[in-house]
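Subject: Structure handover

Hi,

Here is the structure for you to look over. My notes on it follow below.

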Amino acid sequence: MMKTRDSRTVKRGLWLAGLLALYASGSAFAQHKAIGFTKDMPFSDGYVSGNTLYVAGQQGPDEHGKVTGTDITLQTTNAIAAVEKVVKEAGFQMSDIVSVTVYVTDLNDVEAMNKVYIKLMPVPKPARATVQVAGLIGGAKIEISAIAVKH
């Protein structure tokens with residue numbers, strides 16, 4: 001009698017462990033979705049895979065959607081706001097950002113960009129690379145991409 005009871009307990013335990021493992025793996029794979037995808041566009045603004053969000057390069061246009069004629073301070077402010085919009089739409093927080101890549105067309109703009117970046121990005125600051133590029137789409141001076149991980 002005791003052996004049968006122990007055997008049932010072990011079987012129940014194994015069944016429960018299997019069910020929990022299935023649930024955990026299912027929830028990890030369930031999080032695959034595009035953020036801000038527009039049909040016929042070649043990219044999404046972001047993509048969630050598991051607990052990680054990849055934010056595509058975001059520029060900082062003005063209220064009319066133009067980046068030309070705007071200075072690096074405004075473009076940086078707006079680019080960070082665009083990153084934040086994608087982050088929040090995906091259900092993440094700015095503090096979840098672990099890595100940022102900043103693309104600038106003029107290294108002389110980095111000092112002014114850093115002043116804005118320091119004010120607007122959460123502490124502790126994520127890892128970051130800043131790269132000078134020959135040009136950005138639409139004549140932008142800056143583009144920012146990011147990776148966020150839910151804690």
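Which residue in S3 does Ser49 stand opposite? Ser49 faces Thr52 in S3.

Two notes on reading this. The model is predicted, with local features needing pLDDT of at least 70 and side-chain atom pairs counting only at pLDDT 80 or more, while totals for chains, interfaces and linings use all residues. Residues are numbered from 1 along each chain as its sequence is written, and side-chain values use heavy atoms, with hydrogens and water left out.

The sheet

Six strands make an open sheet, ordered S1-S2-S3-S6-S4-S5, with mixed pairing. Strand S1 (32–35) and strand S5 (127–132) are the edge strands, each pairing on one side only. From one strand to the next, the twist averages 10°. Strands (E, at least two residues) and helices (H or I, at least four) are DSSP runs, numbered from the N terminus. Two strands pair if DSSP finds at least two bridges between them.

Strand S2 (residues 46–49) and strand S3 (residues 52–58) are antiparallel over four bridges. Val48 has Leu53 in S3 as its bridge partner. S2 and S3 form a hairpin with two residues between them. Gly50, in the turn, has a positive phi of about 65°. S3 also pairs with S6, in the antiparallel sense, over five bridges. There, the bridge partner of Tyr54 is Ile147 in S6.

The helices

H2 lies across S1, S2, S3, strand S4 (97–104) and strand S6 (142–149). H2 runs at about 150° to S3. H3 lies across S4, S5 and S6, and runs at about 150° to S5.

Helix H2 (residues 72–89) and helix H3 (residues 110–120) also meet: their axes come within 9 Å and cross at roughly 35°. Axes are lines fitted to C-alpha atoms, for helices over the stretch in contact, and angles run from 0 to 180 degrees between N-to-C directions. The H2 and H3 crossing is right-handed, which means that the near helix is turned clockwise from the far one by less than a right angle.

Ile72, Thr73, Thr76, Thr77 and Ile80 in H2 are in contact with Ala112, Met113, Val116, Tyr117 and Leu120 in H3. Contact means heavy atoms within 4.5 Å. By class, this contact has seven nonpolar, three polar and no charged residues. Ala, Val, Leu, Ile, Met, Phe, Trp, Tyr, Cys and Pro count as nonpolar, Asp, Glu, Lys and Arg as charged, and the others, Gly among them, as polar.

The pockets

The largest pocket has a volume of about 240 Å³. Its lining includes Phe43, Gln59, Pro61, Leu136 and Glu143. The lining residues divide into six nonpolar, three polar and one charged.

The second largest pocket holds about 200 Å³ of space. Among its lining residues are Met41, Phe43, Asp45, Lys85 and Glu89. H2 gives the most to this lining, with four residues.

On a 1 Å grid over the protein atoms alone, a pocket is an open set of points where a 1.4 Å probe fits, with protein on both sides within 12 Å along at least five of seven lines; lining residues have an atom within 4 Å of a point. Grid points are joined across faces, edges and corners, and a volume is the space filled by probe spheres set on the points.

Backbone points

Most residues other than glycine have a negative phi, and most peptide bonds are trans. Asp40 has a positive phi of about 75° although it is not a glycine. Asp40 sits in the loop between S1 and S2. A cis peptide bond joins Val123 and Pro124, with omega about 0°. Pro124 is in the loop between H3 and S5.

Best wishes
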